[in-house]
Amino acid sequence: MKTFEPLTFKKMTIANRIGVAPMCTYMCRKKDGVAEDFHLAHYTTFALGQPGFIIQEATAVNENGYISDYDLGIYQPRQREALKHIVESVHSHNVKMGVQLAHAGAKSKRSNVRIVAPSAVDGAEEMTLQDIEKAIFDFEAAAKWARMIGYDFVEVHGAHGYLINQFLSPLTNRRSDEYGEDKHLLLKKIVSVVLKEFDGPVFVRLSGTEYHEEGRTIEDTQETVKLLAKMGVSVINMSSGGVVAANIPLGPKYQVPLATAAKQVCSIPVATAGLITEREQIRSIIDNEEADLVLLGRLALRDPFFILKWKYDENLLSKEDVPNYMYRSLQASK
Ligand SMILES: Cc1cc2nc3c(=O)[nH]c(=O)nc-3n(C[C@H](O)[C@H](O)[C@H](O)COP(=O)(O)O)c2cc1C
């Protein structure tokens, strides 16, 4: 089955086409952005489930970039030390791991920091050119640290209405300078420094549509996808929404058509996510080339061994792939 065939891009080989979606856990209880024992157990559990890859939750590139008080950061030495343990643990189960580099912009709910955005919306301060240069520099530094920590890939968070998405969107970017004239400019500069610093695959997550008549459409996103593929991005991770509150047509596989639209304009792998919960859905998305990679979000949280059980049922799992105790638990399920 193609779902369980390996795939190689930019020298990284993933064992199968199913990944764990980036999901904030809001579990840095000390509010210092440092991973706790919880995070080590959480990501190790995902790794035991044998996904092709794991995308670590949105991880702040600087103090203004956190979504909440309880998110991970990557810009301080103690944060990086804790992240290294997690990556080593995931690697010990032969699973690839990447980090989603994030800046929340106006959507940050962090206490005691400046909340900054392209324009003064939702109570945020408009970023000066110096603020923008610093944000670009912080993504660059984060990419370098991600490489030093040992991540296999990085993902630039350009979706869900966070900083980069705010610059892309006409709904939130009302600047009259070069960053307003070329709404791709911040994304291009960030991706360019990340590609320079990170010697491995770079993913970019995008919101395919904003579900708003004056917002970005899938045709706008297709232009962004073309541009990113040309720059050397390895994977487009296609999501949607988040810039403004909107009526999202939720339903099984609801974001898959957006991924398919991205595939029409590029030849790099495209990932999809969103209410994909059945083996048959995943198999058909991959076999019919609606997307190249499927990400599991909430399903992975409630059933981290979904992929493992599926592989076992298909006789695709050998005893050596998993610890003995785990293999015995699978045998008992037959
Ligand atoms: C608890 C939670 C936290 C999330 N955090 C992130 C995040 O950090 N970065 C991101 O890009 N998406 C985030 N998402 C969105 C997921 O990556 C995924 O796209 C979404 O949950 C839809 O997939 P699902 O239906 O399989 O859960 C989050 C979703 C959930 C449920």
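Me: Is C266 buried or exposed?
Reply: C266 is buried, because its relative accessible area is 15%, under the 20% that marks the limit for burial. Please note that this is a predicted model.

Me: And C28, buried or exposed?
Reply: C28 also counts as buried, with a relative accessibility of 0%.

Me: How many disulfides does the count come to?
Reply: The count comes to zero disulfides. C28, for instance, is in no disulfide; the nearest cysteine sulfur belongs to C24 and is 9.7 Å away.

Me: Changing topic to pockets. How much space lies in the largest one?
Reply: The largest pocket holds about 660 Å³ of space.

Me: Which residues lie nearest its centre?
Reply: P22, M23, H160, R205 and R298 lie nearest the centre of the largest pocket, out of 29 lining residues.

Me: What classes do the residues of that lining divide into?
Reply: The lining of the largest pocket has 17 nonpolar residues, nine polar ones and three charged ones.

Me: Which element gives the most to it?
Reply: Helix α10 gives the most to the lining of the largest pocket, namely three residues. Both α10, residues 298-302, and strand β13, residues 293-296, supply at least two residues of that lining.

Me: What about the second largest pocket, how much space is there?
Reply: About 230 Å³ of space lies in the second largest pocket. Its lining is made up of 14 residues, and those nearest the centre are A15, Q50, H93, N94 and V95.

Me: How does that lining divide by class?
Reply: The lining of the second largest pocket comprises four nonpolar, seven polar and three charged residues.

Me: You mentioned Q50. Where does it lie?
Reply: Q50 lies in the loop between α1 and β4, the latter covering residues 53-60.

Me: Buried or exposed?
Reply: Q50 is buried, because its relative accessible area is 10%, below the 20% limit.

Me: What is Q50 in contact with?
Reply: Leaving aside neighbours within four places in sequence, Q50 is in contact with N16, H93, V95, I307, L308, K311, D321 and V322. H93 and V95 are also among the residues nearest the centre of the second largest pocket.

Me: Now cavities. How many does a search of the whole structure find?
Reply: The search finds two cavities of 30 Å³ or more.

Me: Which residues line the largest?
Reply: The largest cavity is lined by V20, F46, L296, A300, D303, P304, F306 and I307. By class, seven of these are nonpolar, none is polar and one is charged. The volume of the largest cavity is about 40 Å³.

Me: And which residues line the second largest cavity?
Reply: The lining of the second largest cavity consists of V20, A21, M23, H42, Y43, F46, I55 and L301. Seven of them are nonpolar, one is polar and none is charged. The second largest cavity has a volume of about 30 Å³.

Me: Where does the largest share of that lining come from?
Reply: Helix α1, residues 37-48, provides the largest share of the lining of the second largest cavity, with three residues.

Me: On to helices. What is the place of S89?
Reply: S89 is in helix α2. S89 is buried, with a relative accessible area of 16%. Not counting residues up to four places away in sequence, S89 touches L40 and T44.

Me: Where is K84 found?
Reply: K84 is found in helix α2 as well, which covers residues 77-91. K84 is partly exposed, at 35% relative accessible area, a value between the 20% and 50% limits.

Me: What does K84 touch?
Reply: K84 touches M148 and I149, again leaving out residues up to four places away in sequence.

Me: How far apart are K84 and H42?
Reply: K84 and H42 are 42 residues apart in sequence, and their C-alpha atoms are 14 Å apart in space.

Me: Last one: what span should helix α3 have?
Reply: Helix α3, residues 129-149, should span 30 Å, because its 21 residues are taken at 1.5 Å a residue. The end C-alpha atoms are 30 Å apart, which agrees. After α3 comes G150, whose phi is positive, near 110°.

Note on methods: Residues numbered from 1 in each chain as written. Predicted model: local features only at pLDDT ≥ 70, side-chain atom pairs only at ≥ 80, totals over all residues. Heavy atoms only, no water. Helix = DSSP H or I, 4+ residues; strand = E, 2+ residues; numbered from the N terminus. Expected span 1.5 Å × (residues − 1). 1 Å grid on protein atoms, 1.4 Å probe; cavity = no way out; pocket = protein on both sides within 12 Å on 5 of 7 lines; lining within 4 Å. Points joined across faces, edges and corners; volume = space filled by probe spheres on them. Nonpolar A, V, L, I, M, F, W, Y, C, P; charged D, E, K, R; others polar. Buried < 20%, exposed > 50% of the residue type's maximum accessible area, 1.4 Å probe, protein only. Contact = heavy atoms within 4.5 Å. Disulfide = S-S within 2.5 Å.
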